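Subject: Structure handover

Hello,

Here is the structure I said I would pass on. My notes on it follow below.

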Amino acid sequence: QVQLAESGGGLVQPGGSLRLSCVGSGFSFSPYAMKWYRRDGKEREAVAGIIMASGSTNYVDSVKGRFTISRDRAKNTVFLQMNSLRPEDTAVYYCKAEVLRLGLLSDYWGQGTQVTVSS
């Protein structure tokens, strides 16, 4: 049974930093990609993603230059380093793993971790 466990959220002042972690376990096949999403109560937004084999990354425009996604491929773990945080970054952050097998993509989600940016 695949499980994703996020950690690292919390309360931080504007301009501060947080580092989120997402540890995956129970995979029969290694994830093709892992991604971070966030939901601020309105809608879910894709924040950053990484291809586990190549390390290729992508980001939503609003976090470019401030957030960095990285991975530990051997441990099926991804990180999200968040710097220069803004109040509008406040949201629940979710980790998603995408497993590609026989041409079919399966998604697995974590439970989320709250990030609050406020003075």
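Two strands count as paired if DSSP finds at least two bridges between them. The model is predicted, and the notes below should be read with that in mind.

Strand 7 (residues 67–72) and strand 8 are paired by that criterion, running antiparallel with six bridges. One of the bridge partners is Thr77 in strand 8, which stands across from Asp72. The hairpin made by strand 7 and strand 8 has four residues between the strands, and Asn76 there has a positive phi near 50°.

Strand 8 (residues 77–82) also pairs with strand 3, again antiparallel and over six bridges. In that pairing Val78 of strand 8 lies opposite Cys22. Most of strand 8 is covered, with five of its six residues buried.

Cys22 is also part of a disulfide: its sulfur atom is 2.1 Å from that of Cys95. Cys22 lies in strand 3 and Cys95 in strand 9 (residues 91–101), so the bond ties together parts 73 residues apart in sequence. The count of disulfides is one. The torsion about the S-S bond is -80°, which makes the link left-handed. Cys22 has a relative accessible area of 0% and is therefore buried; Cys95 is buried as well, also at 0%.

On the surface, Tyr32, Leu100 and Leu105 form a nonpolar patch, together about 300 Å² of accessible area. Tyr32 sits in the loop between strand 3 (18–25) and strand 4 (33–39). Its relative accessibility is 41%, so Tyr32 counts as partly exposed.

Regards

Methods:
Residues are numbered from 1 along each chain as its sequence is written. This is a predicted model: local features need pLDDT of at least 70, side-chain atom pairs count only at pLDDT 80 or more; totals for chains, interfaces and linings use all residues. Side-chain values use heavy atoms; hydrogens and water are left out. Patches are made of residues with over 30% relative accessible area and no salt bridge: like charges are joined within 9 Å, nonpolar side chains (Val, Leu, Ile, Met, Phe, Trp, Tyr) within 5 Å. Accessible areas come from the Shrake-Rupley method with a 1.4 Å probe; for residues, only the protein chains shown count as cover. A salt bridge is a side-chain nitrogen of Lys or Arg within 4 Å of a carboxyl oxygen of Asp or Glu. Helices (H or I, at least four residues) and strands (E, at least two) are DSSP runs, numbered from the N terminus. Buried means under 20% relative accessible area, exposed over 50%, partly exposed in between (1.4 Å probe, protein chains only). A disulfide is a pair of cysteine sulfur atoms within 2.5 Å.
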